Amino acid sequence: MDTPLSRFSLRLAYATNQLPRLAWYAGHDVVFRRLATRARETGRSRRPPAQSSVPAPGERRIYADMFNLLQQDLANVEAGIYPLPHDRDGSLATRLYRSRLFFDDLAEVHERRERNDFREVRNEETRGRRPDYYLQNFHFQSGGWLTEDSADRYDTQVEVLFKGTANAMRRQALPPLHEHFTGRDQRKLRLLDLGCGTGRFLDLVKQAWPRLPSFGLDLSDAYVHHARRHLRRRVRLNLIVANAEAIPLPAASMDAVTSIFTMHELPPGVRRTVIGEAARVLKPGGRLVLLDSLQRGDVPDYDGLLERFPQNYHEPYYKSYVTEDFAALAVRCGLVHRRNVTAFVSKVMVFDKPS
Ligand SMILES: C[S@@+](CC[C@H](N)C(=O)[O-])C[C@H]1O[C@@H](n2cnc3c(N)ncnc32)[C@H](O)[C@@H]1O
């Protein structure tokens, strides 16, 4: 029953879950920025600070937009679109361990950034076993996508980058799924998440639809291994190491395909192939939901931030991503573009395969 007291309890529970988390990751971000400033002041950083020719939002605007995102997240919970979220960052010991992994790696990331070296992971052992575009130290991170340490560090890196709002943004891909699944028996549907990484989005999917048969696919053994551990208690879940350019699943077998924060990591030609594959495995009437960074012009005040972002992090395909016409691309793959919704620094793009 929806009473003022039950609404108050829900809001309190939401705040109790989310605020300490934001403080934890925003605190990491503050320390990270101080270290970067000190590196510049002491001459250990010779790279000029990232610049943009167009305006970028100030801190106040960023915090206001983070607040709007959290309000939307809570409104979705109150509307019954998904349950009160559990971000499952692990015990204090786990969080401290991951925090140490994050800070311990900063010096190496810094050195790689200074040398503009992103080819470390392309070596005798890896060459030919993964596509060349994949064998890079994305974000200058140690191990690229290839090592267990990288997988254990990844979620802290992403949450620090977004000051603790990465999962809240990921959850904004759930409303179009809710709309698509409403009135249907979740046990008879199938969802596939492309580039599932460490499984954080699938965790959110499973919180909303525990009995929904779900598949996760990623090209990294290490990230899929981490996802299996993180999601070990979930049922009806199948995690596959494979290339999203050639999904090893039958045509017309999925009711929904999702891909979160992955499109900007792919070269333009690969992006097209992957969306074509998503369209192939969708059933007629099925839905594709992409969630990734804002694109240029979505929120013009943020364009400067989008321009600066790839100057600090090794993001070789981001520049092409921010101008990609996903609606036109999807149409060429036989999909219909339904809508885009922005959420802080992310956007959700919804496409349907005609029945
Ligand atoms: C930025 S991470 C996003 C991970 C996750 N979806 C999330 O929400 O954080 C990009 C992921 O895409 C995966 N990836 C990149 N290219 C791929 C490909 N061709 N096929 C499958 N996975 C790929 C990487 O291994 C990595 O786990």
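Select Gln 207 to begin: this residue is buried, with a relative accessible area of 16%, because a residue counts as buried under 20%. The model on display is predicted.

**Stop 1: Gln 207 and helix 7**

Gln 207 belongs to helix 7, which covers residues 200–208. Show its surroundings next. Leaving aside residues up to four places away in sequence, Gln 207 touches Pro 83, Leu 84, Pro 85, His 86 and Arg 234. With His 86 there is also a polar contact: the backbone oxygen of His 86 lies 2.7 Å from a polar atom of the Gln 207 side chain.

Now extend the selection to the whole of helix 7. How many of its nine residues are buried? The count is nine of nine, and the helix is mostly covered. Among these buried residues are Arg 200, Asp 203 and Lys 206, as well as Phe 201, Leu 202 and Leu 204.

**Stop 2: the ligand**

Select the ligand and display the residues around it. There are 21 of them, and the closest are Tyr 134, Tyr 154, Gly 195, Asp 218 and Ile 260. By type, this shell divides into 13 nonpolar, five polar and three charged residues.

A polar side-chain atom of Tyr 154 lies 2.6 Å from an oxygen atom of the ligand. For Arg 170, a polar side-chain atom lies 2.8 Å from an oxygen atom of the ligand. At Leu 219, it is a backbone N or O atom that lies 3.2 Å from a nitrogen atom of the ligand. The ligand on its own has 600 Å² of accessible area, and the protein covers 98% of it.

**Stop 3: the nonpolar core**

Select Leu 177, Leu 192, Leu 194, Val 257 and Leu 288. These residues have the most contacts inside the largest nonpolar core, which has 95 residues. Beyond residues up to four places away in sequence, Leu 288 touches Val 257, Ile 275, Ala 278, Leu 282, Leu 335, Met 349, Val 350 and Phe 351.

**Stop 4: helix 10**

Select residues 303–312, which form helix 10; Asp 303, Gly 304, Leu 306 and Phe 309 are buried there. What covers these buried residues? The cover includes helix 4 (148–161), strand 5 (282–293) and helix 11 (318–321).

**Stop 5: three loop residues**

Go to Pro 267, in the loop between strand 4 (254–260) and helix 9 (268–281). Is Pro 267 buried or exposed? At 14% relative accessibility, it counts as buried. Apart from residues up to four places away in sequence, Pro 267 touches Tyr 133 and Tyr 317. For a distance across the model, select Val 336 as well: Pro 267 and Val 336 are 69 residues apart in sequence and 23 Å apart in space, C-alpha to C-alpha.

Next select Asn 116, in the loop between helix 3 (92–115) and helix 4. Its phi is near 50 degrees, a positive value in a residue other than glycine. Asn 116 is partly exposed, at 39% relative accessible area.

His 139 is also placed in the loop between helix 3 and helix 4. Phi of His 139 is near 60 degrees, again positive in a residue other than glycine. With a relative accessible area of 16%, His 139 is buried.

**Stop 6: Leu 5**

Finish at Leu 5 in helix 1, residues 4–41. This leucine counts as exposed, at 63% relative accessibility.

Technical notes:
Residues are numbered from 1 along each chain as its sequence is written. This is a predicted model: local features need pLDDT of at least 70, side-chain atom pairs count only at pLDDT 80 or more; totals for chains, interfaces and linings use all residues. Side-chain values use heavy atoms; hydrogens and water are left out. A nonpolar core is a set of buried Ala, Val, Leu, Ile, Met, Phe, Trp, Tyr and Cys residues joined through side-chain atoms within 4.5 Å. Buried means under 20% relative accessible area, exposed over 50%, partly exposed in between (1.4 Å probe, protein chains only). Contact means heavy atoms within 4.5 Å. Helices (H or I, at least four residues) and strands (E, at least two) are DSSP runs, numbered from the N terminus. A polar contact is a pair of N or O atoms within 3.5 Å; within protein, one must be able to donate a hydrogen and the other to accept it, and residues adjacent in sequence count only if both atoms are side-chain atoms. A residue is near a molecule or strand if one of its heavy atoms lies within 4 Å of it. Accessible areas come from the Shrake-Rupley method with a 1.4 Å probe; for residues, only the protein chains shown count as cover. Ala, Val, Leu, Ile, Met, Phe, Trp, Tyr, Cys and Pro count as nonpolar, Asp, Glu, Lys and Arg as charged, and the others, Gly among them, as polar.
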